[in-house]
Structure formats: structure tokens, C-alpha cells
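Trainee: Could you walk me through this one slowly? I would like to learn the terms as we go.

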Amino acid sequence: MWKYLLEKEFKQFFRDPGLPRMALMFPVLMMLVFPFAVSMEIRNINLAVVDGSRSLESSRLIEECISSGYFRLVEVCDSPEEAMRLMDDNDADAIITIGPDFAADVATGAGFPVGIKVNTVNGTRGSIGAQYLQACIRMYLQERNAGAAGMDSGTGMAASAAPVIDVSEKYYFNAYLDYKLFMIPALIVIGITMITAFLPALNIVSEKETGTIEQINVTPVSKTAFIICKMIPYWAISFFVLTACLLIAWAVFGYTCRGNLLWLYLYTTLDIIVMAGLGLLISNYSSNAQQAMFVIWFFAVIFMLMSGIFTPIASMPDWAQAITYFNPMRYYADAMRAVYLKGSSPLEIWYDAAGLAAIGIAMVSWAIASYRKSSD
Amino acid sequence: MEENVIHIRNLTKKFGDFTAVDHISFDVRRGEIFGFLGANGAGKTTAMRILCGLSRPTEGEGTVAGYDICSEQEKIKRNIGYMSQKFSLYPDLTVRENIRLFGGIYGLKDRQIREKTDAVLDVLGMQSERDQFAGALPLGWKQKLAFSIAMVHDPGIIFLDEPTGGVDPETRRRFWEMIYDAAERRVTVFVTTHYMDEAEYCDRVSVMVDGRIAALDSPDRLKSEFHAGNMDEVFGIIAGRAGREE
């Protein structure tokens, strides 16, 4: 009986006009397009300058900011009002205002008349932009003091008298803070979750819509056999997608998994069980594809936003953190990143396996119980 | 006296306050063509789903093919065939693959499936269409194929839920020839229909009104009882008493 049901599912999959192509396109898109699109690195901040000083010193400061590579000089304005208008029109993200007495004040050490205004409509972009600008100003001052110290050791006294704390940073696991490397395991997580939750749900609902499920229900096919035969093709597709993604990440970006590949597949298997269970569960409660699509979409958004893929879970409020414990994607994403980036093994991340297994058992048993052959 | 293969007593199905099937009782003999008539909403689909093991009765008892309708649903399923008004084959599988799938589900071996496939294709005259997708066949052919597939495991009873909906009279007549062939092979045929000319072909018919069986007899006796010229008039008289809205 199993043989014939599986044969049917695979034949239907490969005959579908869209599904096989989608299975091929998905890993390619995920690995070649999305890593660039979801990058959180802030670049190309549009900077407007109000230079009241128009001196050599002020142009050196501006030069320092532009040469950092993070800013794009939009315009050097004559008045603060003109700069604000640029910001209002969304042409400038940040404004640096240099006072008319800048050169003189810096030379005498009387002050540092520089103001920063940042557009924080996008909070992250704004606050990171402000940090970059401050860093640029610090660099400018350091260089200037170093130059001044060389010329005149007298003015350098105050600086050298202060204790100097040198903070040096060392980054582990992703030494160049490469956001693409950080996102690649997470994108695999999202892709596999989509495939394994969407496709089986729509599959069952389409059998409901054509009435073929009724025909299966009057046969001696057991609930378990029918559900498992539905799941197996999606296991196969997910492993194909996972393998293709890893190969593309290696061939195109030169990224390799630091941990044992076996663990990636193990955690993927656990996630697939959870997601296939969820997909079937949803399809059991939906009578048409539209309903099923909407419910899955609803879950997919919650899963992604509360998984720690885009924002760290540790910085969520306590109640939100509590919700993430019920989110299978939280465990799967954490495990995939740990294995891929850090080389962890299940010994270190056993809790991810436990979380997935617990949710998976609940989902699958519920799915099987709710797929009632004998409805009321 | 022929044995009864379907034996139903006081069968009742309630959905909340609504009584879809209200204490019906009847017997169907082996090899009989039993017509199950009723307006939409009269409860005939609900009753049929219980007989096929798809639904459990709220009250009452009965057996189908010798198995209890409450506790032995899986055994019933193995011994009946079912074809519904919705064309229920897989449109993206070929004719041959559909036969193979359902043969396999009912536990036939590969060799048996091959023999069965050839036999079915010969009878239907569909050898040249065997590798066509079932979804691409004309409706009349689909129905005949669906009927043959419902019979693939040689069940003792076959349930047909409005099997000839939407086809021309000629195609319906040929479909009924298949039903007669099955009945000659001692297969019990339990059929619901909208077409009153088809009711004339049945050995006995029951007419359901408001969840109850309002009449049950052979078409000839029903016609004389209600002084009607044909089954259409009989049905009009009986169904006209319905109190329940559709």
C-alpha cells in the first residue's frame, strides 16, 4: 500500500507545472540574491554639510567623514535651513553643522562647535549613522592632535597626561563581521520552513477541493500511512534544497560549514518533521487553498520575526522571549547558525534538538488526530 | 430467501439540534439494485456516508457486508466500492496509474494489478487512452473509469453517489449497462440519483423526505400505489409533502 501511495505523491510532484522548478529556483534565489538584500550593514548614508567655517580645518573634517566610505556627500549648504529642507525631502539622512568659529576654536582648544542631526525615521540607520559620524570626528581629532603634538609638544601635555585605555577587540567565528555569512544559515532555515510548511498543506487542501481525499477515505488506507506518504517527498525536496544551498554558498562565496555537516542534516530533519506536521495540521482545518495560504502566511511571519534571525532574542522584552520558546524556527535557526558558524555539535546545542523534538511530537500527533477519516 | 447484505435499524444522525437522518430502517438483498432517492437536503448523502464508514451514527445500528457500522468501519471499507458525484480519480495521473494506485491501496499484487488493468481497459474500450491523464478524458469516460476503479477489488457492495450527474442520456444508458452487469455478477448496487428515469431501472427504491424514508418498494408497486404513470410523478407526490427547506 505504501509503495503505491508514495509512487503517486512523487509522480504528482514531478508532474506539477510549478513545483519542480520552484525547488530548483529556491536555493539559487536564496543564496545568490537574498544575502545581499537582507544585509543590515548601513552604507551610503546621505550627508549634508553646513559649513559655516569654510576653512582648511573644516574641509579636513568633511574629508575625514567622506573618506570613511559610509557617507555620500549630498551638498555643502550655506544655511541650516537649507540642510533641513534636504532632510525633509529625504535627500539627506544626516546633517553635520560646523560653526563659523570652528577653525579658531579648535586651534585654541576653546571648544568644538560641531552639531550632528540625524534622521531617525529608520531608527537603526539613524543611530548607526550618528555613531559613524562621531567615530569620524574622533578620528579627525586624533589625527589633528597627533599632528599638533608633533609640531608643538606643549599643547599635547594635557592629552598625554590622561590615562590611556586601549580597548582592542577580537572577533570570533565571523572575523570580518560579514553579514552575508551570518545570514546564510538563517536563509536556509527560512527556505526549508517555507517549503515544508506550504507545500504539504496546499497538497492536502487541493485533494480536498478535487474530492479525491473522499475517495481515499473510503479505502482501507490508514491515517498514518496517508500522512507519512504525503511528508516523504517534502523531506526529499528539503534535503535537496539544503544541499544545493550549501554548495552554492561554497562555490560562490567560499563559505563552508565549520561543524559536521551531519548535524545540519539532523537539525533539518527535526525541523522538517515540525513543519510538515504544521502544514498538515493547517490543511486539516482549512477547506480551501485560500484559507490555508493565509494561515500559513500568518504563522510564517510570526516564526520569522520571533526567531532571532533578524533581531536578537536576548533584546526582546520578557513576554516576547517567552513566546519564542514555542517557535520552532527559533531552535532551528539557532542550531543552524551554531553548527555552520561555530562548529557546534548537538552536545552543546542539545536544547535546540529538544525544543524541536517536543514541538514536532506535539504537531505531528495533533495533525494525525485531526485528520479524521470518520468525521462526525 | 436471499440474504441481506445491508441491514439498517433506526439509523439516526444529528448535527446539533438538526436531525439529518431520523430513525430509518431498511434491508438490501445481495445482487439487488437499490435506488436511494430524495430531494437535496433530505439526508440521503448523510445516510450513505454512514453506510460507507465515513461517518458514525448518533443512534441506531446496522451491518454492511456483515460488519457493524459503528465498530467495524475499517472492515466495511475493505469490502465495499464507492464512487461519488464528484469525479474522484487523480486528474494528474494517467488512466493506468489511477487503476494501479487504487488496486495497490486495496492490497492487490503487481501481477494482479496488471491483469486487472488490461481487463478494465478492454471492457471500457480504452486501451489506446491508457496513458492519457484521467483529467483529460470526457466526463462520460471518467465516470465509467471511476466506476471500474471502484470495482477494482471486486467488492460485494458498491455505493454510487449520483454517478451520472451532468452527462447525456445515451452515456447514462451505457453507464447503467455497467451497473446491470455488476448486479448480474451478484454485486449489490446502492445508488442515489436525481434522474427519475434511472429510478425505473432499480429493483427497489426508497424515497427520503425530511430525514425519514417516506416510501420503499419496487418502482411498479410505487406507481400503482400512488396512481402515477411514472416515477417522476411518484417522487413529486411524496417529496411534495416535505416540510423541510432545502
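Mentor: Let us begin with a definition: a residue counts as buried if 20 or more other C-beta atoms lie within 10 Å of its own, as exposed if 12 or fewer do, and as partly exposed in between, with the C-beta atoms placed from the backbone. This is a predicted model, in which local features need pLDDT of at least 70 and side-chain atom pairs count only at pLDDT 80 or more, while totals for chains, interfaces and linings use all residues. Residues are numbered from 1 along each chain as its sequence is written, and chains are lettered from A and ligands numbered from 1 in the order in which they are written.

Trainee: OK, how many helices and strands does chain A have?

Mentor: Chain A has 16 helices and four strands, where helices (H or I, at least four residues) and strands (E, at least two) are DSSP runs numbered from the N terminus. Of the 376 residues of chain A, 35% count as buried.

Trainee: In what order do the strands sit in the sheet?

Mentor: The four strands of chain A form an open sheet in the order 2-1-3-4, with mixed pairing; two strands pair if DSSP finds at least two bridges between them. The edges are strand 2 (71-77) and strand 4 (114-118) of chain A, each of which pairs on one side only.

Trainee: And in what sense do strands 1 and 2 of chain A pair?

Mentor: Strand 1 (residues 45-51) of chain A pairs with strand 2 of chain A in the parallel sense, over six bridges, and Val49(A) stands opposite Val76(A) of strand 2.

Trainee: Switching topic, how long is helix 16 of chain A?

Mentor: Helix 16 (residues 350-370) of chain A has 21 residues and reaches 30 Å from its first C-alpha to its last, close to the 30 Å expected at 1.5 Å a residue, the expected span being 1.5 Å times one less than the number of residues.

Trainee: Which of its residues are buried?

Mentor: The buried residues of helix 16 of chain A include Leu356(A), Ile359(A), Met363(A) and Val364(A). Seen down the axis of helix 16 of chain A, its buried residues fall within an arc of 145°, so they line one face of the helix; the arc is that of the directions from the helix axis to the C-beta atoms.

Trainee: What does the face turned away carry?

Mentor: That face of helix 16 of chain A carries the exposed residues Trp350(A), Tyr351(A), Ser365(A) and Ala369(A).
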